[in-house]
Amino acid sequence: MEQLPTINGRVDEAWLDGVLRENALRSSRHAELTPEFGAVCIRFTDAVLNDGNMDFCKLDKLTKAEVCSIVYLHVCRQAAKYDPKSCSKPSNWVYTLVKNRMINAVNEVLNSDEVSKAVAAVVGRDALDRMDGIARNAPANRVLSERNDALREFCLNRGVKETLFTQAWRDSWFRRDGKTVLQRAKHHRRLQAVKVSGQVSLSDSDREELKKLIEERRNGRTGRT
């Protein structure tokens, strides 16, 4: 993803408006979102995370990664709702959208012991194993220190964020109608969804059923289920 054009350190409002307009139209037509939209999503999520008036910057890297993943997915799903007539600046629309979702996302992540598959893939098994040994009932400062130590080799850099955004976009795109990859393959009696089955998270049972579905199609059994 390319760097965003800026004026005095801020994203060019005219350029941003064009990106949001284009992707609102694309989203409403169920078309692919652009790389520029992904760059905007990452840029504004970073801006909220690092806002000095909030405490998000104090979160550990694993929590930030989970929050980013949730916010990216939310912005993708809200792309079609951009209306330039209802906001004075497109940057305000994106920033507010990200901030409001991030507040809730932080609470969700802090109240959950689960690590999403997308984040686990970028953090790595070794770091997660070290995290498992941390006593959850220890004093907060100690827990934070131990979490930071366990994540010392994990770098939440631009490449990692782009990976998380790509996964979020795929989740948004291939589940836009509320169906899973498997449900869509069954409903449409064709296998476009299978092409992306390796790019989204599937449970073992879904993966086995998808394999069975493929085999049935090969054998000429194409009835809907």
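How many of the 225 residues of the chain, as a percentage, count as buried? The share is 42%, where buried denotes under 20% relative accessible area, exposed over 50% and partly exposed in between, with a 1.4 Å probe and protein chains only. The model is predicted, so local features need pLDDT of at least 70 and side-chain atom pairs count only at pLDDT 80 or more, while totals for chains, interfaces and linings use all residues. Residues are numbered from 1 along each chain as its sequence is written, and side-chain values use heavy atoms, leaving out hydrogens and water.

The secondary structure consists of 10 helices and two strands; these are DSSP runs numbered from the N terminus, helices being H or I of at least four residues and strands E of at least two. Along the sequence, the order is β-β-α-α-α-α-α-α-α-α-α-α.

The largest nonpolar core has 55 residues, among which Phe-37 and Met-102 touch the most other members. Such a core is a set of buried Ala, Val, Leu, Ile, Met, Phe, Trp, Tyr and Cys residues joined through side-chain atoms within 4.5 Å. Its largest share, nine residues, is supplied by α3. Beyond four places in sequence, Met-102 is in contact (heavy atoms within 4.5 Å) with Thr-45, Val-48, Leu-49, Phe-56, Val-67 and Val-71.

Leu-49 is also touched by Cys-57, as is Lys-64, again not counting residues up to four places away. Cys-57 lies in the loop between α2 (35–49) and α3 (61–78). Cys-57 counts as partly exposed because its relative accessibility is 39%.
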